[in-house]
Amino acid sequence: MVFLTRFARLLQQNGAAVNTLKYTKNLRQLHATSVFQKERRYSEKHEWVEVDGQTGVIGISQYAQEALGDVVFAQLPDPGTTLKQNDECGALESVKAASEVYSPVSGQVTEKNAAVEESPALVNTNCYDKGWLFKVNLSNPAELKNLMNEEQYKEFLLAAEH
């Protein structure tokens, strides 16, 4: 048990979210610790943001990239650009459609994914990892409460299909 507690503390220090459940029965205490990825929040326009401290990493959802088809061009916001929540800040073009990119949160752009601008197909092959679009320094973290969690986003997609 000491090992699990130390392991959980180490993960928390390195930014991992840790959920600890304590269960007591017959004077014995069992610690069940589960480690999960940082929570991804979604907008109704199918952008996602994953927050680490004050930095938000932004991209488009699996649903959005599938709807677009093969992405052949990406225009992303430049570092230093100040964005408000829901501002149009870029574009993705595919062989069958074009779509604007909107910022799901307010903040200043700190980095854009140059690899996506050079090879836009990264959005199709790995939209949640290598296919992220840009990073922002959050100016209003409270806006995250207005975005959907994973389960709410799935329900949103199901409702939109009918």
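Visitor: Which residue stands opposite Glu93 in β9?
Guide: In this predicted model, the residue of β9 that stands opposite Glu93 is Ala98. Elsewhere along β9, Glu100 stands opposite Ala91.

Visitor: What makes β6 and β8 a pair?
Guide: Four bridges join β6 to β8; because at least two are needed, this pair also qualifies, and its strands likewise run antiparallel. One of the residues involved is Ala74, whose bridge partner in β8 is Leu92.

Visitor: Why are β6 and β9 called edge strands?
Guide: The open sheet has three strands in the order β6-β8-β9, with antiparallel pairing. Within that order, β6 (71-75) and β9 (98-102) each pair on one side only, and they are the edge strands. From one strand to the next, the twist averages 25 degrees.

Visitor: What makes β8 largely enclosed by the rest of the structure?
Guide: Five of the seven residues of β8 are buried, and therefore the strand is largely enclosed by the rest of the structure. As for Leu92, its contacts, leaving aside neighbours within four places in sequence, include Ile60, Phe73, Ala98, Val101 and Leu133. Leu92 is also one of the residues that touch the most other members of the largest nonpolar core, which has 23 residues. Among the elements that each supply at least two residues of this core are β5 (55-60), α2 (62-68) and α4 (122-125), while β11 gives the most, with three residues.

Visitor: Is Lys96 buried or exposed, and how do you know?
Guide: Lys96 has a relative accessibility of 57%, and the class "exposed" begins over 50%, so Lys96 counts as exposed. Its place is in the loop between β8 and β9. An unreviewed UniProt entry lists Lys96 for "modified residue: N6-lipoyllysine", and such an annotation may be inferred rather than shown by experiment.

Visitor: Which residues does Lys96 contact, beyond its neighbours within four places in sequence?
Guide: Lys96 is in contact with Glu66, Ala67, Leu68 and Gly69.

Visitor: Is Tyr153 buried or exposed, and how do you know?
Guide: The relative accessible area of Tyr153 is 3%, and buried means under 20%, so Tyr153 is classed as buried. Tyr153 lies in helix α5 (residues 150-160), and, not counting residues up to four places away in sequence, it touches Tyr42, Ser43, His46, Ser61, Tyr63 and Met148.

Visitor: Why is the link between the side chains of Tyr153 and His46 called a polar contact?
Guide: The link joining the side chains of Tyr153 and His46 is 2.6 Å; a polar contact needs a pair of N or O atoms within 3.5 Å, so the value falls inside the cut-off.

Visitor: How far apart are Tyr153 and Glu44 in sequence and in space?
Guide: Tyr153 and Glu44 are 109 residues apart in sequence, while their C-alpha to C-alpha separation in space is 8.2 Å.

Definitions and conventions:
Residues numbered from 1 in each chain as written. Predicted model: local features only at pLDDT ≥ 70, side-chain atom pairs only at ≥ 80, totals over all residues. Heavy atoms only, no water. Buried < 20%, exposed > 50% of the residue type's maximum accessible area, 1.4 Å probe, protein only. Contact = heavy atoms within 4.5 Å. Polar contact = N/O pair within 3.5 Å; in protein donor to acceptor, adjacent residues only side chain to side chain. Axes fitted to C-alpha atoms, helices over the stretch in contact; angles between N-to-C directions. Core = buried A, V, L, I, M, F, W, Y, C linked by side-chain atoms within 4.5 Å.
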